[in-house]
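Hello,

Here is the structure we talked about. Please open it alongside this note, which goes through the salt bridges and then the cavity.

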Amino acid sequence: MSAAYPPKSIVLAKVKGYPAWPAMVLDAALLPSHILNKRPMNKQHEPTPNILPIKFFSDDTYIWIKSGDLKPLSKDDIAAHFVQSSQKRRKDTVLEQAFKLAQDPLDMKEFIKYGSKGAPEGVDIDADEEEGEEEDDVVVKIPPRKKQKVVAPADKRSLAEAKKEAERELLAQYDSDWGVQDINKYSIKEGNYIYDSLEEQKTVFAKIPDTNEFAELYGKPIEKFKKIEEDVLEQLLSEDANTDELCHSLTQLSNLISKIPRSVITKSKLLRALILDQRKQCSDDDNGVLQFKDKTSKILKRLGIEVRENTEEELEVKSDAPTANSTPVSTAQSTPEVADPVRAEVEIKVDQEVANSASSPLKHEVEVNGAATH
């Protein structure tokens, strides 16, 4: 059980997809067996730490929830809620009733046994507990989502507008500052920390520049980088690249790497072009190209990238591999053309019965390519 939320604590519980809801933290020892059996366990079959059982007011449902999804609900908070809700045109009556019950909560044992309405008149709670009876009709669930009444629109556009309006009304039920007030609380055990201490966070945040400082720090170096990118790409795409100018540009780039954000380089066209050029094979006799590739390799390694040249086997595979645009060679296309077609007689062998028929000629004269066929 969390020390921050002992049993009987009145809290505001946040469940994803639902408005913040008033609830009471319960003593696990008093829970009905079917609720206790649903307690989350770790791999060692031990109760998961910082998971608390709560019961929602008005809705009377249980849930095991992380302590980080709870915040204390004082009477001042409840009064502030009523002031805020009084200004709304629509109210969730079930949620309003839950806040009223949280303002004057029942005894925990009575709340567990009988729910938000309490014990019926004439029932002795202590005597009833001695009998050891347990309620069987309570289920573990989360508060129901508020139903939105939307009139069927006439067209798709009005349907989209009605949907957005329903979403805005649902979002209006949430606390806009949920969790913000806990941002500077540090507890490694609870898990609600950013850095190990508030002083460490302030030190780190102080080093983060704002927009104006960022522009002042990196504006000129980024402009210089773009100029280098433009020059190198122009040289690489030209038929007769000047390797001396390329090497000079890479020297300037090497000096800029530590002065501009790494993301500017990694998302640039220049980096992709250098990687592709590094994959190309080159002759050992071209000293200018070798010097450029050496400078490129050093820059890529500074960025944590290692690129090798394509091998002969890879090039052969690529050249021999069929592509989607390739057309298979047809045997008909490979047949040599004959300048002068040869007229030949082709004797048609048919049954004797058909041969004697006047309507079935025995010989046909056809034009074919190639030698005469007999």
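There are 3 salt bridges in this structure, which is a predicted model. As background, side chains of opposite charge can pair when their charged atoms come close. Each pair is described below.

**Lysine 227 and aspartate 231**

These two form a salt bridge, with their closest N and O atoms 2.9 Å apart. Both residues sit in helix α8, which covers residues 211-237. They are 4 residues apart, so about one helical turn separates them. Lysine 227 has 46% relative accessibility and counts as partly exposed. Aspartate 231 is also partly exposed, at 25%.

**Lysine 298 and aspartate 294**

Helix α12 holds this pair. The side chains of lysine 298 and aspartate 294 meet in a salt bridge at 3.5 Å, N to O. Again the spacing is 4 residues, about one turn of the helix. Lysine 298 counts as exposed, because its relative accessibility is 52% and the cut-off is over 50%. Aspartate 294, at 39%, is partly exposed.

**Lysine 293 and glutamate 309**

Here the N to O distance is 3.9 Å. Where do the two partners lie? Lysine 293 is in helix α12 (residues 287-302), while glutamate 309 is in the loop between α12 and α13 (312-320). The pair therefore ties together parts that are 16 residues apart in sequence. Is lysine 293 buried or exposed? Lysine 293 is buried, with a relative accessible area of 7%. That follows because buried means under 20%.

**The cavity**

How many cavities of 30 Å³ or more does the structure hold? It holds 1. The space in this largest cavity is about 50 Å³.

The residues lining the largest cavity are:

- Phe225, Leu253, Ile257, Ile265 and Ser268
- Leu270, Leu271, Leu274, Ile299 and Leu303

Helix α11, residues 269-279, gives the largest share of this lining, with 3 residues.

Then go on to the cavity lining, including Phe225 and Ser268.

Best wishes

Technical notes
Residues numbered from 1 in each chain as written. Predicted model: local features only at pLDDT ≥ 70, side-chain atom pairs only at ≥ 80, totals over all residues. Heavy atoms only, no water. Salt bridge = Lys/Arg side-chain N within 4 Å of Asp/Glu carboxyl O. Helix = DSSP H or I, 4+ residues; strand = E, 2+ residues; numbered from the N terminus. Buried < 20%, exposed > 50% of the residue type's maximum accessible area, 1.4 Å probe, protein only. 1 Å grid on protein atoms, 1.4 Å probe; cavity = no way out; pocket = protein on both sides within 12 Å on 5 of 7 lines; lining within 4 Å. Points joined across faces, edges and corners; volume = space filled by probe spheres on them.
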